[in-house]
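Thanks for asking me to look this one over. Here are some notes to read alongside the model.

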Amino acid sequence: MPLVKTHFRTCNLCEAMCGLEIKVIDQEIQSIKGDKNDPFSKGYICPKSMALQDIYNDPDRLKRPIKKVNGKWIEISWTEAYDMAVEGIKKIQKKYGNDAVAVYQGNPAAHNIGSMLFSSSFLRALKTKNKYSASSVDQLPQQLAAQWMFGHIFTIPIPDIDSTDYFLVLGANPMISNGSLMSAAGMPNRIKALQSRGGKMVVIDPRKTKTAQAADQHVYIRPGKDVFFLAAIIHEFFEKQLIDINQLPKWMIGIDAISNIFKRFTPKIAEEICGVKKEIIEQTAADFIAADAAVCYGRLGVSTQEYGALCHWLINLINILSGNFDKPGGAMFPKAAIDIVGFMSKKGTFKKYNRWQSRVRKLPETNGELPVAALAEECLTPGDGQIKAFICSNGNPVLSTPNGKQLEKALSELEFMVSIDIYLNETSKYADVILPPATGLEIEHFDLFFNNLAVRNVAKYSSPLFKPEKGMQYD
Ligand code: SF4
């Protein structure tokens, strides 16, 4: 009888951090299931988890560096690949200055202990202002609101979904995402639990998402007008005296200014602009206050719009004013085993906004990075500081960032490009050299980052399941 081994690990493919139970005979995976004893996901997984097996077995995955010679890719040694990358970057820095080298980090970088531990030193060493990442595609407004209100881009209050009685959701689809900037593996089960303890989920969304379908109430809102709905909720808090301002946290400042500002944002005005009936706005405000514990959460839909940062500021304000901040069932700060904020905090961290701007459109930096929507024009527009070389780490921005066609054109005109990637894809095909790291089941895993955004405090370490093949390297 062949020996079946069982391996337990945390899925590193998204923010949800589900626990997996993997059965293996020799080097062959027999099954991947949810780990029922995982304290965080309790057996839940999504179909994407199977991709860990697919990636491991995929004959198209790169395992050794390749370089482009006359349009053809050839395998090279790691020494040659590193030399080529270093020389290519240095040549551009010497010829045009440090800002001529741009760097982009994709999502997988944040789910990988190696890149989390070492990429910040690498980025600092590049001394470039042209840093970009997937964060600017859909979440910087939320981080900016966190920085301005609570002092750091990662002091993001997280809904205590497992204890709340009233979950107000705007522009988010956690039934499918399992939470974003709210790691919550098994969200469908968490919502069911909320409803079976008598709680309610109210979804404000122009789309009939899976989350909207599972909600107790789904309210249509005009896209991009959420800010008026949120402002009218705060108006109701003051106008109907639903809140006791004497009970507000002592650290809260500017309460009189806030109550004055929101006087004019009546539910009637909000109805005209955002399309949500005034009676629904009034009822939502009243229900939110009446609940023993309530929490308001917004994500991509309220971030990728004109008033993104303001929407998130208002969401935080609703949680604070209603007495649902830093309290069970409300919005809370996780206590991860590795405190990323404590790790990163140093003098000046709290003011990392608009210290420099993009060259062409003058878009502001946030926490050291520029919006990736500016990357292509920074490559294509001639002049001092034009990007001439590009390092793409763990990402495919041609597919995942705005105006991919323009970015393709930009990448095709660069003087030098390095990709750190396990695939030859729509972006890495423009590189001169590709360095593929070992990944997934071949590496140890501890989520340094997303435990800081999780709905429960857990610490899960996974050892590698397989040894990387000879000639492969860790990132
Ligand atoms: S939800 Fe995310 S972490 Fe969970 S199994 Fe799917 S991809 Fe993996």
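The points below go from the domains to a sheet and then to a pair of helices.

1. Please keep in mind that this is a predicted model. The protein splits into domain 1 (4–59), domain 2 (66–138 + 347–435) and domain 3 (156–332). Taken over C-alpha atoms, the centres of domain 2 and domain 3 are 37 Å apart.

2. Next, have a look at the open sheet, in which four strands with parallel pairing follow the order β11-β10-β9-β12. At its edges are β11 (217–219) and β12 (294–298), each with pairing on one side only. On average, and with direction ignored, neighbouring strands of this sheet are turned by 15° against each other.

3. Inside that order, β9 (residues 166–170) pairs with β10 (residues 200–204) in the parallel sense, over five bridges.

4. How are α9 and α14 packed? The axes of α9 (residues 226–239) and α14 (residues 308–321) are 9 Å apart, at an angle of about 25°. Angles under 35 degrees count as roughly parallel, so α9 and α14 are roughly parallel to each other. The crossing of α9 past α14 is left-handed.

5. Which residues meet there? From α9 they include Leu230, Ile234 and Phe237, and from α14 they include Leu314, Ile318 and Leu321. Sorted by class, this contact has 14 nonpolar residues, one charged and no polar.

Key
Residues are numbered from 1 along each chain as its sequence is written. This is a predicted model: local features need pLDDT of at least 70, side-chain atom pairs count only at pLDDT 80 or more; totals for chains, interfaces and linings use all residues. Side-chain values use heavy atoms; hydrogens and water are left out. Domain bounds come from an automatic or database domain assignment. Two strands pair if DSSP finds at least two bridges between them. Helices (H or I, at least four residues) and strands (E, at least two) are DSSP runs, numbered from the N terminus. Axes are lines fitted to C-alpha atoms, for helices over the stretch in contact, and angles run from 0 to 180 degrees between N-to-C directions. Angles under 35 degrees count as roughly parallel, over 145 as roughly antiparallel, 65 to 115 as roughly perpendicular and the rest as oblique. A crossing is left-handed if the near helix is turned anticlockwise from the far one by less than a right angle, and right-handed if clockwise. Contact means heavy atoms within 4.5 Å. Ala, Val, Leu, Ile, Met, Phe, Trp, Tyr, Cys and Pro count as nonpolar, Asp, Glu, Lys and Arg as charged, and the others, Gly among them, as polar.
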